[in-house]
Amino acid sequence: MQLDLKPTQKPIRAYYDSLAEFRKHGVSKETSVRAAFADLLKHCARQFKGPEGKWTLIEEYSYPLASGTRGAIDGAILTDLSIPIGYWEAKDLGDDLDKEVKKKFKIGYPKTNIIFQTPERAILYQNAEKPIGEYDLREPAQLIKCLLDFFAGAEEDVQWEEAVEDFKTRIKDFGNDLEALIETERKENKRFAEALTSFATLCRQSINPNLSDKAVEEMLIQHLLTRRIFASVFAQGEFLQRNPIGQEIEKVVHQLTSRNFNPAEFFSSIEHYYARIESRAMQIQNWEEKQQFLNTIYEKFFQGFSVKVADTHGIVYTPQPIVDFMVRSVQHILKTEFNRTLASEGVHILDPFVGTGNFIMRIIREIGATQKSALPRKYKSELHCNEVMLLPYYIASMNIEHEYYQQTKQHEPFDGICLVDTFELAEPEQTTLFTTENTERVERQKRSPIFVIIGNPPYNANQQNENDNNKNRKYPVVDKRVAESFGKKSS
């Protein structure tokens, strides 16, 4: 959409009136005069409404810098999914704006759709080393052009959200088509049938002994529908080759494609969805925003692909400020009550329901900021996490490995993550948990003296409607222990 802005409109007049008032009172500092431009950005943002809701200006937006610390950008335009699509950095008239731009870029400020602005001048960058425009803000026409260019760039960025929404509506049909293909190949392709049976056996040993064939096929379908995003968008093509679970699934995929299934041809009709999602991901400069982007795609995928899976597994992610608060709180309690820290030797930490890895990543960041020398030891042997669903397991593995690289500049696989149902670990022993490597990880975790448990557990207690036929699993050992402890003291 086009912004509705004219020199005679109230928001434009109010901007110049505010600046005149500041001048009259001799006020020129950035912290005071920036309010006028902030009001203008808020007015413009309210005119836009994407598929998920309105856009919002968040002032003092926290942003990870190249040094590993965080800075506060004066403002960011966020979609309703909390994805930033434009940034704003204000300066006062006494600043050399060109020098300030160089200084901010040097410490790691984004170059994706960012305005640097004083009351009289603005420079706009959009995915380029050179500005796409410089504007004399003393002229109303130039002020309006600056805002139009900025929000046009934001609107172009947000087109991926529309692609994700469309993808969500189409994904179920593609899942059904893949399901039909799998059924055909199971009957007519002996090598594929054997590979799928072997994979199903591993899944039942690792995740749930009652896992149905349909649930196993859904895991394969999830992998097929999202592997391109991992391979090309996040430059992690080698990840699926070296990850023990990815290796097993790729064996099944190899047999599926051995006869007459051509993935490129099959997915050609949704090529434009992948391309638009990829295009947006390529523009994201820091991993934290990329992680938010991944979480969004993941949630939308399951809302479209399998509502029942999203329901029973409680697929909702903890907001980052809550994760930050919880990690800092644990750090505080360890210090005050136990005279230890998250970095202390022997403090084994477990996130039993890791999702896409936010808590472990934040812990790595905390240790990196307080005692970086402890990170290799913690990463190698004292950080543990579990995930029962395939896609978040992939995402968490990549996110955690990348966070460790950010802190240490060393690429190291993370061996502390297991594809396993944490509740199932209390039940009678299984012989193999997916692969030998995954089994060894689980056994190592069970032998570890866990000192801290942190995370956001799946909080779906039960189905609301019996007709849904979507009951949660029963865990006899865990259920018995709960009944004998909490249950006895509860009404």
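Begin by selecting C44, a buried residue with a relative accessible area of 0%. The model on display is a predicted one.

Keep C44 in view and consider its sulfur. The structure holds 0 disulfides. C44 is accordingly in no disulfide, and the nearest cysteine sulfur, that of C146, is 9.7 Å away. A disulfide requires two cysteine sulfur atoms within 2.5 Å.

Next, select C418 together with C385. The closest cysteine sulfur to that of C418 belongs to C385, but at 7.4 Å it is too far for a bond. C418 also counts as buried, at 1% relative accessibility.

L41 is buried, its relative accessible area being 0%. Which residues does L41 touch, leaving aside those up to four places away in sequence? They are L57, W88, L147, F150 and F151.

The tour then turns to the nonpolar cores. The largest comprises 63 residues, and those with the most contacts inside it are L178, L220, L225, F267, I349, I400 and I454. Apart from this core lies another, of 31 residues, which includes I12, I144, F150 and A154.

Finish at F267, one of the residues with the most contacts inside the largest core. When residues up to four places away in sequence are not counted, F267 touches F174, L178, L224, L225 and Y274.

Notes: Residues numbered from 1 in each chain as written. Predicted model: local features only at pLDDT ≥ 70, side-chain atom pairs only at ≥ 80, totals over all residues. Heavy atoms only, no water. Buried < 20%, exposed > 50% of the residue type's maximum accessible area, 1.4 Å probe, protein only. Core = buried A, V, L, I, M, F, W, Y, C linked by side-chain atoms within 4.5 Å. Contact = heavy atoms within 4.5 Å.
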